[in-house]
Amino acid sequence: MCTSCDGKGRVRERMTIPVDIPPGCDNGTRIRLQGMGDVPIDGDGPAGDLYIRVRVSPSKTFRRKGTDIYYSVELPFTTAILGGSVRVPTVDGDVEVKIRPGTQSGDELRLRGKGVPKLNSGARGDQYLGLQFKIPTSLSDKQRELIEQFEADVLGRPTRSETGSSGPATDTDTPSSEQDAKTDKEKSKGFFGRLKDDIGGFKKKSDK
């Protein structure tokens, strides 16, 4: 008698096989491999099936929700104001995306058909781009002069250099306690925080 199979003609063993993963798989997707399961040790029955449950590792670049993909884009504030173009990654490679003038922080763009393929279908989801400002933390003297000129034009007042002020002028009729509170608030926001508010106000004015 065979000592390996005890005369049954079959032995149990493990094996590694290649598996084709269809496009569009997500966490929990089950793949069936017909005839790749166990066979009866006793008798001549057919082999069963092998079921594989997929677990998808998270991406360091994208966030996935169903068949849609999300990606955050940081824009220079000049590009947000004036418009332009940026290159962004997709699952198919980088693409050029146009940014319209006056783009607001938090706006979202959709790239149709750049998402994940739908399982067992030729259709695809979309990719969404979340747009955010990137405010510079330091300026050259020339850059600061240009920003001050922009601020003065938006608010209709002399530049800070002309008035010798490092911040917005306050109303002389404002009570001292309220004026102090306003001053503290302006200081806490910082120059670029106020600039961001000014840019938003300019955009609202231009929409009217």
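Which residues are buried in α2? Keep that in mind while we set up the view.

**Before you click**

This is a predicted model, in which local features need pLDDT of at least 70 and side-chain atom pairs count only at pLDDT 80 or more, while totals for chains, interfaces and linings use all residues. Residues are numbered from 1 along each chain as its sequence is written, and side-chain values use heavy atoms, with hydrogens and water left out.

**Stop 1: the whole chain**

Show the cartoon. You will find five helices and eight strands, where helices (H or I, at least four residues) and strands (E, at least two) are DSSP runs numbered from the N terminus. Starting at the N terminus, their order is β-β-β-β-α-β-β-β-β-α-α-α-α. Of the 208 residues, 25% are buried; buried means under 20% relative accessible area and exposed over 50%, with partly exposed in between (1.4 Å probe, protein chains only).

**Stop 2: helix α2**

Now select residues 141–155. Helix α2 has 15 residues and should span 21 Å at 1.5 Å a residue, which agrees with the 21 Å between its end C-alpha atoms; the expected span is 1.5 Å times one less than the number of residues.

Here is the reply to the opening question: Ile 147, Glu 148, Glu 151, Ala 152 and Val 154 are the buried ones in α2. They cover an arc of only 160° around the axis, so they sit on the same side of α2; the arc is that of the directions from the helix axis to the C-beta atoms. Turn to the other side of α2 to see Lys 142 and Asp 153, which are exposed.

Next, pick Glu 148 in this helix. Glu 148 has a relative accessible area of 7%, so it counts as buried. Beyond its neighbours within four places in sequence, Glu 148 is in contact (heavy atoms within 4.5 Å) with Thr 159, Arg 160 and Ser 161. Step just past α2 to Gly 156, whose phi is positive, about 65°.

**Stop 3: the largest nonpolar core**

Select Val 73, Leu 75, Val 86, Val 88, Val 97, Ile 99, Leu 111, Leu 129 and Leu 131: these nine residues form the largest nonpolar core. Such a core is a set of buried Ala, Val, Leu, Ile, Met, Phe, Trp, Tyr and Cys residues joined through side-chain atoms within 4.5 Å. Two or more residues each come from β4 (68–76), β5 (84–88), β6 (95–99) and β8 (127–134).

Not counting residues up to four places away in sequence, Val 73 touches Val 86, Val 88, Leu 129, Gly 130, Leu 131 and Gln 132.
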